[in-house]
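Please read this note with the sequence and the 3D view side by side. The points may be taken in any order.

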Amino acid sequence: MAESRTVHVTFEGKLPRRVAVPPGTTLLEAAHAAGVSIEATCGGRGRCRSCRVQIRGGPAPPPTLADRLQLGEDEIHERFRLACQAAVWEDVVVAVAPPREERAFQILTEARRTAPEVVDPGVRKVLVRGFSGARAETAGARMEELLRALPEPVKGVEVEAIRSGSLLLRAPPEVVTAVLYEGRLLQVEAGDTTQELFGFAVDVGTTTVVGYLLDLREGEVRATVAALNPQSSYGGDLMSRISFAQQDPGNVRRLQARAIQCVNGLLEEACEKAGTSRDRIYKVVVVGNTVMHHLFLGLDPSSVGQAPYLPVVRTPVRVRAQEVGLRLPPQTPVLLLPLVAGFVGADAVGMVLATRVFESPQVRLAVDIGTNAEVVIGSRARIAACSAPAGPALEGAQIRWGMRAAQGAVDRVWIEADVRYHVIGGGAPTGICGSGLVDAVAGLLEAGILEPSGRLLVDPPTRVPGSVRRRITVLPDGQPAFVLVPREESGVGEDIVVTQTDIRQVQLAKGAIRSGITVVERYLDLEDRDLAGVLLAGAFGNYLHLPSAIRIGLVPPLPQERIVYVGNAAGMGAQLVLLSEREGRRAEELARRIEYVPLAAQPDFQEVFLRSVRFPE
C-alpha cells in the first residue's frame with residue numbers, strides 16, 4: 001500500500017519547528033500540530049488579522065476573500081496570508097507575524113482590598129515535639145502513635161500523609177509538623193515548618209490568567225503573577241473555544257493542558273518571588289467564567305454553547321492537585337467556586353463576594369468588562385445578573401491596528417485642535433489597544449466626525465479643525481478611516497488608522513454590554529437614576545477613561561464620583577475564599593441567591609440591543 005503524501009511546514013523562530021501534515025492542512029492547524037502559538041482571536045474564521053503569517057519559502061497559497069478583506073493587496077503581494085485560511089499543498093517556510101514576543105503587557109492584578117471577617121483558611125499546622133515513633137514496630141503503629149500525639153482526633157488521613165509519614169517516622173526527628181485541612185491529615189513534615197503556610201488564588205480569564213500567593217497565617221499577599229491565557233491560539237472568545245472543543249474529543253484535553261501549563265508556570269514564578277517552594281502550598285482556589293471553569297477541569301463545555309446553555313456542574317467543585325495536573329503535592333485541595341448559570345460563572349460570584357454588593361443597602365451595578373462581560377445589579381434585598389458577549393474588540397482584537405495593552409500600544413487619545421496620544425512604554429506606536437480605541441471613538445463623536453449611528457463622515461462639518469479634517473481618508477477597500485498616527489510617526493511604517501469597520505466592532509461590543517445593563521435594570525424594575533454607584537472591574541474596565549466610556553454610552557451616565565474602579569474583583573473573591581472557609585460557604589449561598597437573567601430570552605432584547613448600539617447624541 002502506497003504511503004499517503006505529506007507536506008512539510010517549517011516555522012521560523014529562535015527554535016525553528018518543522019512538522020509534516022497532510023496536503024490541504026491550514027497553516028493554523030499545522031501550527032497547532034507543531035506546538036507553535038499563533039494568535040487566532042476570531043477562532044479561525046477569517047474575521048481578524050491576528051493569525052497573519054508570511055510565506056518565506058515555497059509557494060504562497062492563493063489568497064482567499066478573507067485574506068483580501070483583512071490584509072489588503074499590499075500585504076498579499078508581500079506574501080502575507082491568514083494562517084486560518086491558507087491551505088498548504090507543497091513544502092513551505094513560514095514566519096509568524098506579528099511576533100509573539102510582545103512585551104510589557106498591562107495585565108490587571110490589583111483589586112480593592114477586602115479582608116475576610118476572620119482569617120480561617122481551613123488549613124493549619126500542628127507542631128509535635130518529642131515524638132519517638134521509632135519505638136513502634138510497624139509503619140502503621142508509628143502513624144497511630146503520631147495521630148495520638150496530635151492535640152485532637154483527625155477526621156481522616158490522606159494517602160500522601162501516610163506515605164510521607166511512614167518514610168519520615170522510620171528515623172523520626174525530634175520535631176515533626178502535621179498539616180491538616182478541615183480536620184484531615186494532609187502531610188507530615190520534618191522539623192518545624194509552621195511559619196510556612198501558603199495558598200494560591202488564581203483567576204483564569206479568557207484573555208489573561210492572574211495568580212496570588214498568600215500567607216495563610218496572616219492573610220497577606222506574598223507574590224502576584226500574571227500571564228496571557230495560551231488558549232487564545234484556539235480563539236479569542238468563548239464561543240471560538242467551545243467550537244474548537246467540539247471539533248475533536250481530544251481538543252478539550254488540549255485546551256485544559258494549555259490552562260494547566262500556564263497556572264503551573266505562575267506557581268513556579270510566584271514561589272520564586274516569595275522565596276518558598278511549591279511543597280509549602282496547601283490550598284488552591286480557582287475562579288473563572290463557566291467555559292474556563294469547565295476547561296480547567298477538563299470538562300466538555302459544549303452544553304454551555306447551545307440552548308438551553310447549561311453548565312455540566314454548578315455547585316462548588318473540589319479536586320486534588322494531581323487530578324488536574326498541577327505541580328503541587330498530589331493531595332493539595334483545589335477548590336473551584338460555584339457557578340450561577342451557563343455564562344455567569346465563578347468569576348461573577350467572586351466579584352459579588354469581593355465588592356460586597358450583597359451587603360449594600362443601596363442598589364449598585366458591578367460590571368466586569370472583558371471578552372465576556374458579567375453584569376450584576378443588586379443590594380442586600382435582591383441581586384440579578386447576566387452575561388453580555390462583548391467579544392474581544394475592546395481588548396484590541398478584530399481591529400485593523402488593534403493589539404493588547406502592551407508596549408507600543410496607543411492607550412489614550414485626545415482629539416481637539418489636532419490629535420494627541422499616549423503610547424505604553426513610550427516610543428513610536430505600533431497599534432491601538434481597547435482604552436485608546438474608546439478614547440478615539442469618543443473624540444470622533446465630540447469632534448462631529450462620527451454620527452450617533454456610527455457612520456464615519458468623509459465630509460464632516462466645517463467646524464472641524466483643518467488639521468483634524470485632513471486625517472480623514474478612504475482606504476483602498478472603499479471604507480472611510482481616520483488616521484490616528486501618520487506613517488512618519490508610527491513604528492510600523494504605515495498609517496495607524498481607525499476604520500469604519502473598527503467603529504462597528506466597538507458599537508457591537510458596547511451595545512452588548514449596555515443592553516445587558518438595561519435588561520437587568522428592567523428585570524429589577526430599575527432605571528439608571530436608581531443606581532447608587534457603578535463598580536468597574538476587570539482589566540479593560542480599570543484602564544478605561546471614564547469620560548470616554550460615558551460619552552460612547554458604555555456605562556450609565558452617572559456623575560463620575562459615583563463610578564469606582566475596583567480592579568480584579570474576581571481575583572479578590574478567590575483570595576477571600578482562600579483565606580476564609582466562611583467566605584467559601586457565603587460564595588455558595590450567593591450563587592444560589594443571584595437571579596440569572598438570560599438576555600436571549602427577553603422578548604424585547606433585539607430592540608434594546610439596537611438602541612444600545614447607537615452612540616448618545
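This is a predicted model: local features need pLDDT of at least 70, side-chain atom pairs count only at pLDDT 80 or more; totals for chains, interfaces and linings use all residues.

1. Five strands make up an open sheet with mixed pairing, and their order is 2-1-7-4-5. Strand 2 (17-21) and strand 5 (80-82) are the edge strands, each of them pairing on one side only. On average, and with direction ignored, neighbouring strands of this sheet are turned by 35 degrees against each other. Strand 4 (residues 52-57) pairs with strand 5 in the antiparallel sense over three bridges; within this pair, arginine 52 of strand 4 stands opposite leucine 82 in strand 5.

2. Helices on the five-stranded sheet. Helix 1 (residues 27-34) packs on this sheet and touches strand 1 (7-11), strand 2, strand 4 and strand 7 (92-96). The direction of helix 1 makes about 75 degrees with that of strand 1. Helix 2 (residues 65-77) also packs on the sheet, where it touches strand 4 and strand 5. Between the directions of helix 2 and strand 5 the angle is about 175 degrees.

3. Another open sheet of mixed pairing has six strands in the order 14-13-12-15-17-16. Strand 14 (221-228) and strand 16 (317-320) each have a single partner strand, so one side of each is left without a neighbour in the sheet. From one strand to the next, the twist averages 20 degrees. Inside the sheet, strand 15 (residues 281-288) and strand 17 (residues 333-336) pair in the parallel sense over three bridges, and valine 284 stands opposite valine 334 in strand 17.

4. Helix 6 and its neighbours. Helix 6 lies across strand 12 (198-204), strand 13 (208-215), strand 14 and strand 15, and runs at about 145 degrees to strand 14. How do helix 6 (residues 249-274) and helix 7 (residues 290-297) cross? Their axes come within 7 Å and cross at roughly 90 degrees; the two helices are therefore roughly perpendicular to each other. Helix 6 contributes Val252, Leu255, Gln256, Ile260 and Val263 to the contact, and helix 7 contributes Leu295, Phe296 and Leu297. By class, seven of these residues are nonpolar, one is polar and none is charged.

5. Helix 9 against helix 15. Helix 9 (residues 346-355) and helix 15 (residues 569-579) pack at about 75 degrees with their axes 7 Å apart, and are therefore roughly perpendicular to each other. On the side of helix 9, the residues in contact include Asp347, Gly350 and Met351; on the side of helix 15, they include Ala569, Ala570 and Met572. The contact has eight nonpolar, three polar and one charged residues.

6. The hairpin. Strand 21 (residues 409-415) and strand 22 (residues 419-423) pair in the antiparallel sense over five bridges. A hairpin of three residues joins strand 21 to strand 22. The bridge partner of valine 413 is tyrosine 421 in strand 22.

7. The largest pocket. The volume of the largest pocket is about 990 Å³. It is lined by 39 residues, of which Met239, Asn372, Ala388, Pro389 and Ala390 are the closest to its centre. Which helix supplies the largest share of the lining? Helix 12 does, with four residues. Helix 5 (238-247), strand 20 (383-388), helix 12 (500-523) and helix 17 (605-613) each supply at least two residues. By class, the lining has 26 nonpolar, nine polar and four charged residues.

Terms used:
Residues are numbered from 1 along each chain as its sequence is written. Side-chain values use heavy atoms; hydrogens and water are left out. Axes are lines fitted to C-alpha atoms, for helices over the stretch in contact, and angles run from 0 to 180 degrees between N-to-C directions. Angles under 35 degrees count as roughly parallel, over 145 as roughly antiparallel, 65 to 115 as roughly perpendicular and the rest as oblique. Contact means heavy atoms within 4.5 Å. Ala, Val, Leu, Ile, Met, Phe, Trp, Tyr, Cys and Pro count as nonpolar, Asp, Glu, Lys and Arg as charged, and the others, Gly among them, as polar. On a 1 Å grid over the protein atoms alone, a cavity is a set of points where a 1.4 Å probe fits but cannot get out, and a pocket is an open set with protein on both sides within 12 Å along at least five of seven lines; lining residues have an atom within 4 Å of a point. Grid points are joined across faces, edges and corners, and a volume is the space filled by probe spheres set on the points. Two strands pair if DSSP finds at least two bridges between them.
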